[in-house]
Amino acid sequence: AYEIYQCDWSSDVCSSDLEPINDNTPEICMGEGVECKTGTGIEQGKVYNLGLDILKDYKLVFIVDSDEFIMRKDQEKLIAGIKENKVDAGIVTLIDYCKGLDRRYVERTHRPIVIAKPSVRFNTVRNYIGGAHYFNDICMHHLGFLFNPEKMAWKRKKQIKISGDVFDKLVSRKSKPFEPPQELTKLLSES
């Protein structure tokens with residue numbers, strides 16, 4: 001049996017500041033025969049650790065959000081690279097798309113861990129102190145900034161509460177033309 005832990009991040013922000021979000025994760029899980037555990041007040045790093053505990057029998061676990069994609073060939077390179085470099089986790093470059101798939105923001109310094117051994121322990125979000133390798137030739141494609149400003153308002157309010165004006169700085173960066181991988185455009189056109 002599989003379990004999915006669902007966390008209510010809104011506990012970090014005054015709930016009256018947030019627009020209600022229709023989250024159908026429990027219904028999807030029930031339809032797939034998967035148990036879904038919900039909770040509030042759980043820090044994101046702890047949720048990652050809970051997930052890694054559940055997947056402790058696997059050699060490696062990919063860690064991505066629903067608006068993040070790593071291409072298949074890059075997934076294979078990450079798996080091989082973790083073994084080859086004898087490290088616990090892999091870090092990649094993040095591509096933030098904006099205004100459509102043909103534009104991206106200039107690169108930011110954030111390098112998220114996207115693959116890890118289940119023994120890895122996160123402190124907060126995707127922060128880990130230990131043996132991680134930076135795969136500078138692999139990118140994670142982040143589509144989260146493609147949503148219209150009204151749909152992003154809850155995230156902006158949450159980020160301001162947690163880390164000041166970081167969100168506004170992220171979405172006000174310069175952008176440049178970009179050609180996404182064909183695998184990504186094909187995947188998105190099929191959904």
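This is a predicted model: local features need pLDDT of at least 70, side-chain atom pairs count only at pLDDT 80 or more; totals for chains, interfaces and linings use all residues.

Me: What makes R121 and D53 a salt bridge?

Reply: Their side chains come to 2.9 Å, N to O. The rule asks for a side-chain nitrogen of Lys or Arg within 4 Å of a carboxyl oxygen of Asp or Glu, so this Arg and Asp pair qualifies at 2.9 Å. R121 sits in the loop between β7 (113–116) and β8, while D53 belongs to helix α2 (residues 44–54). The two are 68 residues apart, and the pair links distant parts of the chain.

Me: Why is D53 called partly exposed?

Reply: D53 has 38% relative accessibility. That falls between 20% and 50%, so the label is partly exposed.

Me: Why is D74 called buried, and what is K73 called?

Reply: D74 comes out at 5% relative accessibility; buried means under 20%, so D74 counts as buried. K73 has 53%, and exposed means over 50%, so K73 counts as exposed.

Me: How do you know that D74 and K73 form a salt bridge?

Reply: The closest N and O atoms of D74 and K73 are 3.4 Å apart. The limit is within 4 Å, so the pair counts.

Me: What makes E107 and R111 a salt bridge?

Reply: E107 and R111 meet at 3.0 Å, N to O, and the cut-off is within 4 Å, so they pass. E107, at 43%, is partly exposed, and R111, at 26%, is partly exposed too. Elsewhere, salt bridges that share partners join D96, R108 and R173 into one network.

Me: How many salt bridges does the rule give?

Reply: The count is eight.

Me: Now the strands. How do you know that β4 and β8 pair?

Reply: Two bridges join β4 (residues 68–69) to β8 (residues 132–142). Pairing needs at least two bridges, so these strands pair. They run antiparallel, and F69 has H141 as its bridge partner in β8.

Me: What makes β5 a partner of β8 as well?

Reply: Eight bridges join β5 (residues 89–96) to β8. At least two are needed, so β5 and β8 pair. This time the strands run parallel, and the partner of G90 in β8 is H133.

Terms used. Residues are numbered from 1 along each chain as its sequence is written. Side-chain values use heavy atoms; hydrogens and water are left out. Helices (H or I, at least four residues) and strands (E, at least two) are DSSP runs, numbered from the N terminus. Buried means under 20% relative accessible area, exposed over 50%, partly exposed in between (1.4 Å probe, protein chains only).
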